[in-house]
Amino acid sequence: QVQLVESGGGLVQAGGSLRLSCAASGSILGFNVMGWYRQAPGKQRELVAVMNNVGSTNIADSVKDRFTISRDNAKNTVHLQMNSLKPNDTAVYLCNLVVLRSSRYEYWGQGTQVTVSS
């Protein structure tokens with residue numbers, strides 16, 4: 001069973017930066033996609049940035065010029081560097097892992113709060 005543990009959230013002023021990290025325990029075999037979603041109060045969960053294990057990314061247009069995703073396949077970790085943060089980036093950020101083998105397996109972290117003050 002894979003578990004995802006996030007770290008790095010917090011409170012920051014607009015224009016500031018934060019770095020989120022997510023570590024997956026257990027063995028991840030096969031094609032997989034790992035990354036970040038976010039959910040603000042009263043809003044639907046939305047994709048922020050994900051990266052597969054061969055380096056292709058999918059990044060939301062709203063953050064493309066400000067956020068960078070990276071991952072270390074050997075350590076089963078993914079990071080999200082968030083720069084030029086805005087108040088509307090405030091949300092719970094959730095780490096997500098999808099593994100494709102004979103079946104599709106999806107895992108979620110518990111989430112980490114990011115609050116950007118104006």
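How many bridges join strand 4 to strand 9? The number is 9, and these two strands run antiparallel.

Good morning. The structure before you is a predicted model, in which local features need pLDDT of at least 70, side-chain atom pairs count only at pLDDT 80 or more, and totals for chains, interfaces and linings use all residues. Residues are numbered from 1 along each chain as its sequence is written, and side-chain values use heavy atoms, with hydrogens and water left out.

I begin with terms. Strands are DSSP runs of E with at least two residues, numbered from the N terminus, and two strands pair if DSSP finds at least two bridges between them.

Buried means under 20% relative accessible area, exposed means over 50%, and partly exposed lies in between, with a 1.4 Å probe and protein chains only. Strands 9 and 10 form a hairpin with 3 residues between them, and Leu 100 has Arg 104 as its bridge partner in strand 10.

Strand 1 and strand 3, residues 18–25, are joined by 5 bridges, and Glu 6 stands opposite Cys 22 of strand 3.

Where does Cys 22 lead us? Cys 22 forms a disulfide with Cys 95, the sulfur atoms being 2.0 Å apart; a disulfide here is a pair of cysteine sulfur atoms within 2.5 Å. The angle about the S-S bond is -85 degrees, and the link is left-handed. Cys 22 counts as buried because its relative accessibility is 1%, and Cys 95 likewise counts as buried, at 0%. Opposite Cys 95 stands Trp 36.

My last topic is charge. A salt bridge is a side-chain nitrogen of Lys or Arg within 4 Å of a carboxyl oxygen of Asp or Glu, and the count by this rule is 5. One of them joins Arg 38 and Asp 89, with the closest N and O atoms 3.0 Å apart. Arg 38 lies in strand 4 (residues 31–39) and Asp 89 in the loop between strand 8 (77–82) and strand 9, so the pair ties together parts that are 51 residues apart in sequence. Arg 38 counts as buried at 6% relative accessibility, as does Asp 89 at 1%.

Another salt bridge pairs Asp 61 with Lys 64 at 3.1 Å between the closest N and O atoms. Asp 61 is exposed, with a relative accessible area of 66%, whereas Lys 64 counts as partly exposed at 45%. Glu 106 and Arg 104 meet at 3.2 Å, N to O. Finally, salt bridges that share partners join Arg 38, Glu 46, Arg 66 and Asp 89 into one network.

Methods: Helices (H or I, at least four residues) and strands (E, at least two) are DSSP runs, numbered from the N terminus.
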